[in-house]
Amino acid sequence: NKPYDPPAIFNEISDPQARELIQKIGDKKIIILQGYIKEFEILKNFANAINRLSEEYVLLLMGPEAPDVVEPLLKISNKIIYSNYIPAPNHLQVTQKAYIGIVYYNGLESLNNAFCAPNKIYEYSAFGLPMLANNIPGLKNTVGSCSAAVCCDLREDEIVKAIYQIEENHDKLKEAALRFYDKTNCREIMHKIITENLI
């Protein structure tokens, strides 16, 4: 799931929607969930958790419209910001400004979910973004095992603990995330596949 070419570091925020969003958030620490906005019960735990954190944090939900999920969440916390989907790769102009990246899958839905290692972990890790993930094999055995993420059961208390843990060790998790990204060398993998099949 890692893209062949690494994403660019955006020195200029050229996308109008991304620029407006970043200006709105200001210098607050962004805990971001990008992608489909679903699993209300899990996100409700994040909403309650963000209410227990200092005012320096915001929870940014960035993805396709999901009013049945987003609107109730906005009533739980005024520290949640929702943004419509920003077409790739411009959504990464926002991602690179984030402080923590959320990644989770409902492992009870299917084996694919339980063992999935989504492309979000490469989008986050490309910018050295520490991750908060749930306890499924596809995340524990990737970003969790290399210390780029704190994996936990996504209950309110556990989310708060995980965020504090990331805060205390942010630099170490950032370095681990960058190492995780660099560890998968797409060029070497492609070269190996091609040369092995030519022999």
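Predicted model: local features only at pLDDT ≥ 70, side-chain atom pairs only at ≥ 80, totals over all residues.
Residues are numbered from 1 along each chain as its sequence is written, and side-chain values use heavy atoms, with hydrogens and water left out.

Reader: Which strands stand at the edges of the open sheet of 6 strands?

Author: Strands here are DSSP runs of E with at least two residues, and helices are runs of H or I with at least four, both numbered from the N terminus. Two strands pair if DSSP finds at least two bridges between them. The pairing is parallel and the order is β3-β2-β1-β4-β5-β6.

Reader: What is the handedness of the β-α-β crossover from β5 to β6?

Author: Strands β5 (residues 131–134) and β6 (residues 149–152) run parallel and are joined by 4 bridges. The chain passes between them through helix α7 (residues 137–144). A crossover counts as right-handed if, with the strands pointing away from the viewer, the path from the first strand over the helix to the second runs clockwise. This crossover is right-handed.

Reader: Which residue of β6 is the bridge partner of asparagine 134?

Author: In β6, alanine 133 has cysteine 151 as its bridge partner. For asparagine 134, the partner in β6 is cysteine 152.

Reader: Is α2 oblique or roughly parallel to α8?

Author: Axes are lines fitted to C-alpha atoms, for helices over the stretch in contact, with angles from 0 to 180 degrees between N-to-C directions. The axes of α2 (residues 40–51) and α8 (residues 156–168) come within 8 Å and cross at roughly 55°. Angles under 35 degrees count as roughly parallel, over 145 as roughly antiparallel, 65 to 115 as roughly perpendicular and the rest as oblique. α2 is therefore, relative to α8, oblique.

Reader: How many nonpolar residues does the contact of α2 with α3 have?

Author: Contact means heavy atoms within 4.5 Å; Phe40, Leu43, Lys44, Ala47, Asn48 and Asn51 in α2 meet Val69, Pro72, Leu73 and Ile76 in α3. Ala, Val, Leu, Ile, Met, Phe, Trp, Tyr, Cys and Pro count as nonpolar, Asp, Glu, Lys and Arg as charged, and the others, Gly among them, as polar. The contact holds 2 polar residues and 1 charged residue, and its nonpolar residues number 7.
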